[in-house]
Amino acid sequence: GWGITHNNKNLIVSDGTHVIHFLDTTTLAEVSKIEVKEAGINVDKLNELEYINGFIFANRWMTNEVLKIDPATGSVVGK
């Protein structure tokens with residue numbers, strides 16, 4: 001799975017792993033990335049991204065989980 005959203009500055013893209021990439025909207029060059037972790041453990045299968053009120057929300061592919069992710073740290077701060 002994968003997903004794409006934006007924060008009015010960058011495209012925010014998942015590739016099905018535990019990494020979320022932030023891309024320049026003009027060149028599509030990667031400007032930064034975060035590793036999504038919950039309690040220090042990588043969380044993979046990130047899919048269907050949304051950016052709402054300063055947080056990234058991601059479905060975990062093949063589950064019923066929706067994760068609330070801090071875009072500054074990659075930490076899962078809610079489900």
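**View 1. D24 and the residues it touches.** Leaving aside residues up to four places away in sequence, D24 touches N10, A29 and V31, where contact means heavy atoms within 4.5 Å. This is a predicted model, in which local features need pLDDT of at least 70 and side-chain atom pairs count only at pLDDT 80 or more, while totals for chains, interfaces and linings use all residues. Residues are numbered from 1 along each chain as its sequence is written, and side-chain values use heavy atoms, with hydrogens and water left out.

View 2. Look for the D24 side chain, which reaches the backbone nitrogen of T27 at 2.8 Å. D24 is partly exposed because its relative accessibility is 26% (buried is under 20% relative accessible area, exposed over 50%, partly exposed in between, with a 1.4 Å probe and protein chains only). Its C-alpha atom is separated by 7.8 Å from that of K9, 15 residues apart along the chain.

View 3. D24 belongs to β3, residues 19–24 (strands are DSSP runs of E, at least two residues, numbered from the N terminus). Since 5 of the 6 residues of β3 are buried, this strand is largely enclosed by the rest of the structure. Strand β2 (residues 10–14) runs antiparallel to β3, joined by 5 bridges (pairing requires at least two DSSP bridges). Here V13 has H21 as its bridge partner. The hairpin has 4 residues between the strands, and G16 in the turn shows a positive phi of about 90 degrees.

**View 4. From β3 to β4.** Strand β4 (residues 30–35) is antiparallel to β3, again with 5 bridges, and L23 stands opposite E30. In this hairpin, 5 residues lie between the strands, and L28 takes a positive phi near 65 degrees.

Methods
Polar contact = N/O pair within 3.5 Å; in protein donor to acceptor, adjacent residues only side chain to side chain.
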